[in-house]
Amino acid sequence: MVIEPRIQNPANLLPDAVKAINLLYKAAHSAGVPDSTLELVHLRASQINGCSACVDAGARSARKAGETEERLFAVAVWRETPYFTEAERAALALAEAATRLADRADAVPDDIWAEAARHFGEKELAAIVLWVATANFFNRINATTRQPAPQTWG
């Protein structure tokens with residue numbers, strides 16, 4: 001099935017948005033959080049939100065950054081696999097909570113925050129939170145306008 005976008009990608013229609021997105025990217029990636037961790041939280045948020053374009057782009061980007069197939073295939077079930085470090089697990093739990101804000105009264109419970117804070121300093125936590133928010137931003141734009149994942153023929 002070929003999905004047709006409702007409109008062009010909004011970033012293409014509003015070029016100043018690209019500048020802002022690039023600044024968000026630069027800020028999130030400058031705080032010392034491993035790129036692989038940021039790639040994983042982006043991918044997990046995108047899976048939760050059902051954003052095919054971001055799942056595709058996130059997995060490709062993560063592979064370019066050195067992620068293995070095993071880890072990429074297991075992101076959706078990270079709790080049940082041995083592939084992730086404790087710090088990555090804390091970041092993934094934080095990403096899930098921050099993505100599913102309406103799922104519980106205390107959107108990001110203290111235990112999830114405390115576990116992330118055990119592994120990351122304030123600047124790193126800020127970067128993770130910013131990157132999860134940015135992933136959700138991309139997901140909402142792409143899902144709303146039905147931006148498709150690129151077609152690949154193998």
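**Exercise 1. Proline 82 and arginine 71**

Find where proline 82 lies, and decide whether proline 82 is buried or exposed. Then place arginine 71 and describe its surroundings.

*Solution.*
Step 1. Proline 82 sits in the loop between α5 and α6. This is a predicted model.
Step 2. The relative accessible area of proline 82 is 69%. Exposed means over 50%, so proline 82 is exposed.
Step 3. Now turn to arginine 71. From C-alpha to C-alpha, proline 82 and arginine 71 are 9.2 Å apart in space; in sequence they are 11 residues apart.
Step 4. Arginine 71 belongs to helix α5, residues 69-74. Its relative accessibility is 12%. Buried means under 20%, so arginine 71 counts as buried.
Step 5. List the contacts. Leaving out residues up to four places away in sequence, arginine 71 touches Leu40, Tyr83, Phe84 and Glu88.
Step 6. Look at tyrosine 83. A polar atom of the arginine 71 side chain lies 2.7 Å from the backbone oxygen of tyrosine 83.

**Exercise 2. Helices α3 and α4**

At what angle do helix α3 and helix α4 pack, and which residues make the contact?

*Solution.*
Step 1. Two packed helices are described by two values: the angle between their axes and the distance between the axes.
Step 2. Helix α3 covers residues 35-49 and helix α4 covers residues 52-64. They pack at about 160°, with axes 9 Å apart.
Step 3. An angle over 145 degrees counts as roughly antiparallel. Therefore α3 is roughly antiparallel to α4.
Step 4. The crossing of α3 and α4 is left-handed.
Step 5. From α3, the contact uses Glu39, His42, Leu43, Ser46 and Gln47. From α4, it uses Cys54, Val55, Gly58, Ala59, Ser61 and Ala62.
Step 6. Sort the contact of α3 with α4 by class: 5 nonpolar, 5 polar and 1 charged residues.

**Exercise 3. Helices α6 and α8, and threonine 99**

How are α6 and α8 oriented to each other? Then decide whether threonine 99 is buried or exposed.

*Solution.*
Step 1. Helix α6 (residues 86-99) and helix α8 (residues 122-145) have axes 10 Å apart, at an angle of about 45°.
Step 2. α6 and α8 are therefore oblique to each other. Their crossing is right-handed.
Step 3. On the α6 side are Ala91, Leu94, Ala95, Ala98 and Thr99. They meet Leu125, Ile128, Val129, Val132, Asn136 and Arg140 in α8.
Step 4. By class, this contact of α6 with α8 has 8 nonpolar, 2 polar and 1 charged residues.
Step 5. Threonine 99 lies in helix α6. With a relative accessible area of 8%, threonine 99 is buried.
Step 6. Beyond its neighbours within four places in sequence, threonine 99 is in contact with Ala45, Ile48, Asn49, Val132, Asn136 and Arg140.

**Exercise 4. Phenylalanine 120 and arginine 146**

Locate both residues. What is the phi of arginine 146?

*Solution.*
Step 1. Phenylalanine 120 is in the loop between α7 (110-119) and α8. At 6% relative accessibility, phenylalanine 120 counts as buried.
Step 2. Not counting residues up to four places away in sequence, phenylalanine 120 touches Val33, Thr37, Ala87, Ala91, Leu125 and Ile128.
Step 3. Arginine 146 is found in the segment after α8. At 43% relative accessibility, arginine 146 counts as partly exposed.
Step 4. Most residues other than glycine have a negative phi. Arginine 146 is not a glycine, yet its phi is positive, about 55°.

Methods
Residues numbered from 1 in each chain as written. Predicted model: local features only at pLDDT ≥ 70, side-chain atom pairs only at ≥ 80, totals over all residues. Heavy atoms only, no water. Helix = DSSP H or I, 4+ residues; strand = E, 2+ residues; numbered from the N terminus. Buried < 20%, exposed > 50% of the residue type's maximum accessible area, 1.4 Å probe, protein only. Polar contact = N/O pair within 3.5 Å; in protein donor to acceptor, adjacent residues only side chain to side chain. Contact = heavy atoms within 4.5 Å. Axes fitted to C-alpha atoms, helices over the stretch in contact; angles between N-to-C directions. Parallel < 35°, antiparallel > 145°, perpendicular 65-115°, else oblique. Left-handed = near helix turned anticlockwise from the far one by under 90°. Nonpolar A, V, L, I, M, F, W, Y, C, P; charged D, E, K, R; others polar.
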